[in-house]
Amino acid sequence: MALLNSVLSWLMKKRMHQIELFLKFPHDVQTEWFRRLIHDAQDTEWGQRYDFRSLERVEDFRERVPVSDYDSMKPYIDRLRQGEQNILWGSEIRWFAKSSGTTSDKSKFIPVSQEALEECHFRGGKDMLSLYCLNYPDTEIFDGRSLAMGGSHQICEVNNEAFYGDLSAILMQNLPYWAELLRTPNLSIALMDEWESKIEKMAEATRKHDVTSISGVPSWTLLLLRRILALSGKENLHEVWPNLEVFFHGGVSFNPYREQFAAIIPDPRMRYMETYNASEGFFGIEDIPGSGELLLMLDYGIFYEFMPLEELGSEHPRCIGLDEVELGRNYALIINTNAGLWRYLIGDTIKFTSINPYRIRITGRTKSFINVAGEELIVDNAEKALAIACEKCDAIVDEYTAAPRFSTAETKLAHEWLIEFERPPRDLPFFRETLDNALKSLNSDYEAKRYQNMILDQPVLHSLPQGTFYAWMKKKGQLGGQHKVPRLSADRKHLEDILDIVREKNPVP
């Protein structure tokens with residue numbers, strides 16, 4: 001395996017000259033991808049509808065083609081799932097990545113073309129390894145196995161030539177043979193449907209291998225790792241896998257889980273690397289170790305646009321290109337892809353931390369914020385404030401969600417937090433006060449609305465029994481890596497559903 005490790009490390013490093021190309025000429029690379037996407041889709045139904053053949057400038061494209069979301073593109077995607085082709089993209093679409101739903105549907109089905117698989121998702125995975133090898137030339141990552149938390153897939157019920165499933169399952173199903181040799185567990189386990197049985201079988205199978213890397217969503221990966229420790233009788237993961245060196249993570253912020261991973265992997269040499277990938281594409285990779293900043297990957301068959309957050313909800317929102325973005329400003333991310341998503345509002349908000357090269361941080365979701373009194377509280381504020389409160393109160397947060405508590409005759413408008421602690425604070429009221437003060441320091445609008453409790457009252461905070469969020473996800477049929485706990489909500493639906501579970505377990509006499 002040592003020879004294989006050396007060969008693969010060398011191949012990964014070769015990709016660096018292409019990465020350096022878009023680092024040096026970012027605008028040229030993005031313009032080239034815009035032209036290629038428009039050209040390759042000009043004879044599709046979508047391309048003919050908006051006359052892609054006559055498009056010459058990005059400005060004309062923005063004037064002619066509306067910003068879209070899943071609900072507006074769903075009729076076209078439904079036809080693709082039924083077997084029609086050449087609607088949004090020129091090549092055949094046979095795979096659909098299933099992800100958590102929208103306001104009108106339980107699930108979204110994102111088209112995945114062969115080009116998207118090869119030029120975006122697989123290239124993103126290779127680049128993740130390339131950048132890792134560049135930063136850690138002494139790596140022995142390829143000497144062992146890679147453990148990945150996979151989903152499941154099945155044949156579409158409306159068309160037996162098409163398939164849908166979690167993105168991770170689609171990628172595993174299409175991996176080259178050599179890559180399959182380096183991963184664990186085998187596909188029969190990795191693609192199982194029933195999540196609780198899969199966790200058990202994965203734990204039993206993977207603990208017997210020499211795992212050197214792990215990849216997945218932190219919350220679900222943590223669940224698996226704890227089960228592995230329980231089965232093995234070991235105190236930490238390096239007793240199970242002495243050569244484990246890195247966790248590639250994405251999907252949710254890693255900050256709430258950092259201490260929990262440190263507790264079960266206490267070796268200071270353990271490395272963590274963040275990625276930004278979704279069903280719709282692979283967008284960013286942490287290229288500077290420990291920075292939390294993601295290098296925006298510009299040559300993956302995606303043309304990016306950015307909508308200033310104040311334009312969100314406008315009938316004709318103003319969107320800008322890479323050459324106009326400003327540091328520290330929140331933008332809704334818009335993508336045009338080689339799977340036929342056009343001016344697609346993916347639902348994430350980002351801000352740029354660097355423009356030479358272009359690096360970003362994910363700040364939240366376009367629908368995951370609280371703004372009932374003009375406070376504009378975003379996930380980024382919540383994550384940082386919780387980290388401050390945890391540090392000052394010696395606590396560890398496992399999961400959380402928050403929503404408004406609307407005013408009544410007896411109560412004032414406030415934010416209500418449901419928190420499941422891995423290590424609870426000794427003084428919960430002090431934790432709440434610290435969280436509140438941290439939010440004030442991070443968000444001037446929140447601070448103004450909290451002034452003397454005039455508009456927003458002090459936060460309401462509930463410490464939930466361990467396992468509550470898991471029970472809620474299970475009840476909804478949403479166990480698995482593609483499902484995430486919503487952090488901030490504008491309404492109380494999620495919050496009330498979770499409180500109902502608490503009440504069921506602890507009924508009031």
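Helices (H or I, at least four residues) and strands (E, at least two) are DSSP runs here, numbered from the N terminus. This is a predicted model, in which local features need pLDDT of at least 70, side-chain atom pairs count only at pLDDT 80 or more, and totals for chains, interfaces and linings use all residues. Residues are numbered from 1 along each chain as its sequence is written, and side-chain values use heavy atoms, with hydrogens and water left out.

Let's begin with the loops. Another cis peptide bond links Thr184 to Pro185, and its omega is about 0°. Pro185 belongs to the loop between strand S6 (183–184) and helix H10 (187–190).

Then there are the phi angles. Asp51 isn't a glycine, yet its phi is positive, at about 50°. You'll find Asp51 in the loop between helix H4 (45–49) and helix H5 (58–64). Gln452, also a residue other than glycine, has a positive phi near 50°, and its place is the loop between helix H17 (444–450) and strand S20 (460–464).

How open are these spots? For accessibility, buried means under 20% relative accessible area, exposed means over 50%, and partly exposed is in between (1.4 Å probe, protein chains only). Asp51 has a relative accessible area of 37%, so it counts as partly exposed. Gln452 reaches 59% and is therefore exposed.

Five of its six residues are buried, so S7 is largely enclosed by the rest of the structure. As for its neighbours, two strands pair if DSSP finds at least two bridges between them. Strand S3 (residues 145–148) runs parallel to S7, and four bridges join them; Ala148 has Ser215 of S7 as its bridge partner. S7 also pairs with strand S8 (residues 246–249), again in the parallel sense and over four bridges. There, Gly216 has His249 of S8 as its bridge partner.

Helix H2 (residues 16–24) has Met16, Ile19 and Phe22 buried. Looking down the axis of H2, those buried residues fall within an arc of 120° (taken from the directions from the helix axis to the C-beta atoms), so they line one face of the helix. His17 and Lys24, on the other side of H2, are exposed.

**Cavities**

Now for the holes. On a 1 Å grid over the protein atoms alone, a cavity is a set of points where a 1.4 Å probe fits but cannot get out, and lining residues have an atom within 4 Å of a point. Grid points are joined across faces, edges and corners, and a volume is the space filled by probe spheres set on the points.

| Cavity | Volume |
|---|---|
| Largest cavity | about 60 Å³ |
| Second largest cavity | about 50 Å³ |

The largest cavity has 14 lining residues, and Ala116, His121, Glu280, Gly281 and Ala339 are those that lie nearest its centre. Strand S2 (107–113) and helix H7 (114–135) each give at least two residues to this lining. For residue classes, Ala, Val, Leu, Ile, Met, Phe, Trp, Tyr, Cys and Pro count as nonpolar, Asp, Glu, Lys and Arg as charged, and the others, Gly among them, as polar. On that basis the lining of the largest cavity splits into eight nonpolar, five polar and one charged residues.

The second largest cavity is lined by Tyr132, Asn135, Tyr136, Arg271, Tyr272, Met273, Glu286 and Pro289. H7 and strand S9 (271–278) are the elements that give two or more residues to this lining, and S9 provides the largest share, three residues. Sorted by class, the lining of the second largest cavity has five nonpolar, one polar and two charged residues.

**Cysteines**

Finally, the sulfurs. With a disulfide taken as a pair of cysteine sulfur atoms within 2.5 Å, the count comes to zero. Cys390 is in no disulfide, and the nearest cysteine sulfur, that of Cys393, lies 7.7 Å away. Cys390 is buried, with a relative accessible area of 8%, and Cys133 counts as buried at 1% relative accessibility.

Key
On a 1 Å grid over the protein atoms alone, a cavity is a set of points where a 1.4 Å probe fits but cannot get out, and a pocket is an open set with protein on both sides within 12 Å along at least five of seven lines; lining residues have an atom within 4 Å of a point.
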